[in-house]
Amino acid sequence: MTSVSTASSTVAGRNYLAGSWNDEGEQRESRSPSTGRVLGTYPNAGRSQALEAIGIARATFDDSEWSRDPRARSRAIAELADRLEARVDEVALMLARENGKRLPETTWEVSTTVDWLRYAAASALTQDGGRSSEVSPGVYFQTGREAMGVIGIITPWNSPVILSMRSIGPALAAGCTMVVKMPGQTALTNTLIAEIVASATSIPDGVISILTEGGNEVAPALVESDDVDMISYTGSTHVGKAIAATGSTTLKRLSLELGGKTPLVIFDDADLEVALQNVVAATCLMNGQFCLTGSRILVQRSIADKLRPMVADVIGNLNPGPSEEVGYDLGPLIDAESAARVDRIVTKAVAEYATPLVRGGIVEDDARPGGAYYKPSLLEVERLDVPLVQEELFGPVQTFEVFDDEDDAVRMANGTSFGLGAAVFTTDEWKARRVTRNMRAGFVWTNCWGVIHEAFEEGGLKQSGYGVLCGPTAITEFQDTKMYAQVAPPR
């Protein structure tokens, strides 16, 4: 059944509940941040749908052979990848319209998701994780990894396709069943994903439910439920802490990838052209609404006077525009409220402690209506203990900060509560080794930024969360280890 068509003037979103379509719930609107126009409507899922989906997922896990047949799971994930690949353009276009990311970015997201699913399909067959040994005469020990059970997956709106499948893929590979809570801001995209899941006939009914929520009933139900064995959450640190607190009442497993304040550390021997290219990418990608946004530019003092006007020039010339149109550097923020929030933060910072090198702001004209467009800002700060440095802004705003030497660079880079990403720019390989080794971050890049691959792990340190997705250990996030022991009877 196809309920969403990007060719329609307005379309209808739906919830996918364990093999059936569900239209219950208050009808809400999905709007384009590029135009402000209504794209369609969707039923806002609530607690009743969440509890029903959890119950079906529990029964499916407990009563079916799904968790015991890795070949069937590998085939199912491979089919899911094929079904998504066939609709890359359609999903990417809808995501660009709903989310505001530029169409090349959404096309990359959906295409890359196909690769990540194929990796997960392979892991279902290759990552068993068991071992056995005769530890003493006639005494045998064996371990095996088994599916954890029912997983609650909570996905953010900034990259809902790849970040949902980043958990769905290895959870399927492990043999779990799941309820996926997706965000109301991308309701129509979510429905396309649900259609793709429904079309993959090798995934049994009851293994996956996909619910779109614009309120706050489904996610709490998942976190609170005794029948949900694990939560896989990507989003803000603030919400992650709340999930950890509530999840502790049932001692469920948690995998949390949370916020970040990625420093881009530029040494005086760096290739400045490479550094500047990455500075631009690190503020434009996802319109600055990315947990790995390069929101801090740390520059060595000996080149600060040279680099300051260069960075200001490239940032000052960035131009936001509609997500489907070419010729723009970034799209709108998710909504006008977000743009206004970012602008208030910048205004307060300039009034109290920051020097504006580029004072961007909200852009609104005939070509860019609605108030969601934000021209990037670059602010110089001299202190670490200020909100602009310490808090995740989720918008195209960067700080310009000056350091003296390697030790100072590491001190400043590590000077927040976050530990998700960091980048170093230098032509000295051993300097790069020293500095990156001492950075407290889960992603560390040298002379690049934002480079990821499905075969290598992703995760944060400090208040950027815990748990690892992608790579060969991703499947283990969704598994338990069981130990078996046998003692041979006497002869």
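Analyst: Let us start with Arg58, which is buried, with a relative accessible area of 15%. Buried means under 20% relative accessible area, exposed over 50% and partly exposed in between, with a 1.4 Å probe and protein chains only. This is a predicted model, in which local features need pLDDT of at least 70 and side-chain atom pairs count only at pLDDT 80 or more, whereas totals for chains, interfaces and linings use all residues. Residues are numbered from 1 along each chain as its sequence is written, and side-chain values use heavy atoms, with hydrogens and water left out.

User: Which side chain meets that of Arg58 in a salt bridge?

Analyst: The partner is Asp229, at 2.8 Å from N to O. A salt bridge here is a side-chain nitrogen of Lys or Arg within 4 Å of a carboxyl oxygen of Asp or Glu. Arg58 sits in helix H1 (residues 47-63), while Asp229 is in the loop between helix H7 (218-224) and strand E11 (230-234), so the pair links distant parts of the chain, 171 residues apart. Helices (H or I, at least four residues) and strands (E, at least two) are DSSP runs, numbered from the N terminus.

User: Is Asp229 buried or partly exposed?

Analyst: Asp229 is partly exposed, at 23% relative accessible area. Together with Arg58 and Asp62, Asp229 belongs to a network of salt bridges.

User: And how many salt bridges does the structure hold?

Analyst: There are 28. Another one joins the side chains of Asp480 and Arg253, at 2.7 Å from N to O. Asp480 lies in strand E25 and Arg253 in strand E12 (residues 253-257), so this pair ties together parts that are 227 residues apart in sequence. Asp480 is partly exposed at 31% relative accessibility, and Arg253 is partly exposed at 36%.

User: What sheet is E25 part of?

Analyst: E25 belongs to an open sheet of three strands, in the order E6-E7-E25, with antiparallel pairing. Two strands pair if DSSP finds at least two bridges between them. Strand E6 (131-136) and strand E25 (479-487) stand at the edges with a single partner strand each, so one side of each has no neighbour in the sheet. E6 is joined to strand E7 (residues 139-147) by five bridges, and Arg131 stands opposite Thr143 in E7.

User: Which residues make the nonpolar surface patch?

Analyst: Val135, Phe141 and Met483 make a patch of about 280 Å², and Met483 is found in strand E25. Patches consist of residues with over 30% relative accessible area and no salt bridge, like charges being joined within 9 Å and nonpolar side chains (Val, Leu, Ile, Met, Phe, Trp, Tyr) within 5 Å. Accessible areas come from the Shrake-Rupley method with a 1.4 Å probe, and for residues only the protein chains shown count as cover.

User: Changing topic, how many residues of strand E9 are buried?

Analyst: Seven of the seven residues in E9 (residues 177-183) are buried. Thr177, Val179, Lys181 and Pro183 point one way, and Met178, Val180 and Met182 point the other way.

User: What runs parallel to E9?

Analyst: Strand E8 (residues 150-154) is joined to E9 by five bridges, with Val150 opposite Thr177. Strand E10 (residues 208-213) is joined to E9 by six bridges, and Val180 stands opposite Ile210 in E10. From E9 the chain crosses through helix H6 (residues 187-199) to E10 in a right-handed β-α-β crossover. Right-handed means that, with the strands pointing away from the viewer, the path from the first strand over the helix to the second runs clockwise.
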